[in-house]
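I opened the notebook to look up a few residues and the overall build of this chain. My notes follow in the order I made them.

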Amino acid sequence: MNETINTILTRRSVREYTKEQITDEQLNLILECAKNAPSGHNKQPWKFIVVQSKELIDEMSRVCYDENLRKGYEWYQGEDYYSPFYDAPTVIFILKYKRPNELAVIDCGLATENIVIAAKSLGLGSCILNDAMTLFDVKFGDTYYKKLHITDDFEPYTAISLGYPNEEPIGKKIRENIIEIIK
């Protein structure tokens with residue numbers, strides 16, 4: 001099977017990582033793939049913030065967990081503490097321009113996909129972390145905008161954990177009857 005197709009078909013979200021940091025070479029290649037994602041009218045409405053500070057990742061994890069538990073999200077109920085960042089050694093925040101651009105959400109989604117596919121192709125695991133957006137709620141927003149050096153012209157879109165997998169995620173069930181071809 002074609003290597004690219006195989007990477008797309010076998011990529012799964014990783015929620016358990018080793019403590020080993022990814023290499024600068026791997027990180028730079030992943031970011032190059034993100035920057036080369038397609039974007040409408042070549043606007044490239046994104047910015048990427050990489051966090052590799054264990055202390056900051058641990059702090060952000062605790063804040064997200066506590067706040068999401070407080071909000072009553074059902075997937076946090078009855079659970080012992082776990083890291084919403086899955087103890088990954090690297091987290092990439094994807095930001096999008098605030099200025100009006102109806103394609104920015106799609107463009108940032110394409111960059112997100114490039115990151116997770118590039119990570120898989122390099123033998124790394126990844127997980128898209130929408131729970132991380134709790135960091136930018138009104139209660140904490142200013143704090144993490146400052147800590148992550150987010151300027152006024154950008155807003156958080158999503159975050160992605162990266163690292164060496166310490167698990168082999170099980171395959172996902174693919175929904176059936178979702179394709180219709182009209183000839």
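Before I list any side-chain reach, I note the cut-off: a polar contact is a pair of N or O atoms within 3.5 Å, where, within protein, one must be able to donate a hydrogen and the other to accept it. The model is predicted.

**Entry 1: Ser39**

I looked up Ser39 with that cut-off in hand. The side chain of Ser39 reaches the backbone nitrogen of Gln44 at 3.0 Å. I find Ser39 in the loop between α2 and β1. Is Ser39 buried or exposed? I read 15% relative accessibility for Ser39, so this residue counts as buried. Beyond its neighbours within four places in sequence, I list Gln44, Pro45, Trp46 and Asp107 as contacts of Ser39.

**Entry 2: Asn42**

I stayed in that loop. Asn42 lies between α2 (24-35) and β1 (46-51). What did I note about its backbone? Asn42 is not a glycine, yet its phi is positive, about 55 degrees. The relative accessible area of Asn42 is 54%. Buried would need under 20% and exposed over 50%, so Asn42 goes down as exposed.

**Entry 3: Tyr86**

I then checked Tyr86. Its phi is also positive at about 55 degrees, although Tyr86 is not a glycine. Where does Tyr86 sit? I place Tyr86 in the loop between α3 (54-70) and β2 (90-97). With a relative accessible area of 18%, Tyr86 is buried.

**Entry 4: Thr158**

I moved on to a strand residue. Thr158 belongs to strand β4, residues 154-163. Which side chain does the side chain of Thr158 meet in a polar contact? I found the side chain of Asn130, at 2.7 Å. I also listed what Thr158 touches, leaving out residues up to four places away in sequence. The list holds Ile92, Phe93, Ile94, Thr112, Ile128, Leu129, Asn130 and Met133.

**Entry 5: Asp24**

I picked Asp24, a residue of helix α2. At 54% relative accessibility, Asp24 counts as exposed. I then took the distance from Asp24 to Glu113. These two residues are 89 apart along the chain, and their C-alpha atoms are separated by 20 Å.

**Entry 6: the whole chain**

How many helices and strands does the chain have? I count five helices and four strands. From the N terminus on, the order reads α-α-β-α-β-α-β-α-β. The radius of gyration is 17 Å, close to the 16 Å that the globule rule gives for 183 residues, so I noted the chain as being as compact as a globular protein of that length. Along the principal axes, the C-alpha atoms fill a box of roughly 50 × 40 × 40 Å.

I took down burial next. Of the 183 residues, 42% count as buried. The chain exposes about 11100 Å², and carbon and sulfur atoms supply 50% of that area.

I also checked how contacts span the sequence. Among contacts between residues at least 6 apart, 80% join residues at least 24 apart.

Last, I looked at charge. I have 22 positive and 28 negative charges in the chain. Their mean positions are 4 Å apart.

Definitions and conventions. Residues numbered from 1 in each chain as written. Predicted model: local features only at pLDDT ≥ 70, side-chain atom pairs only at ≥ 80, totals over all residues. Heavy atoms only, no water. Helix = DSSP H or I, 4+ residues; strand = E, 2+ residues; numbered from the N terminus. Rg over C-alpha atoms; globule rule 2.2 N^0.38 Å. Buried < 20%, exposed > 50% of the residue type's maximum accessible area, 1.4 Å probe, protein only. Contact = heavy atoms within 4.5 Å. Areas by Shrake-Rupley, 256 points an atom, 1.4 Å probe, with all protein chains shown as cover. Lys, Arg positive; Asp, Glu negative; His and termini not counted. Charge placed at Lys NZ, Arg CZ, Asp CG, Glu CD.
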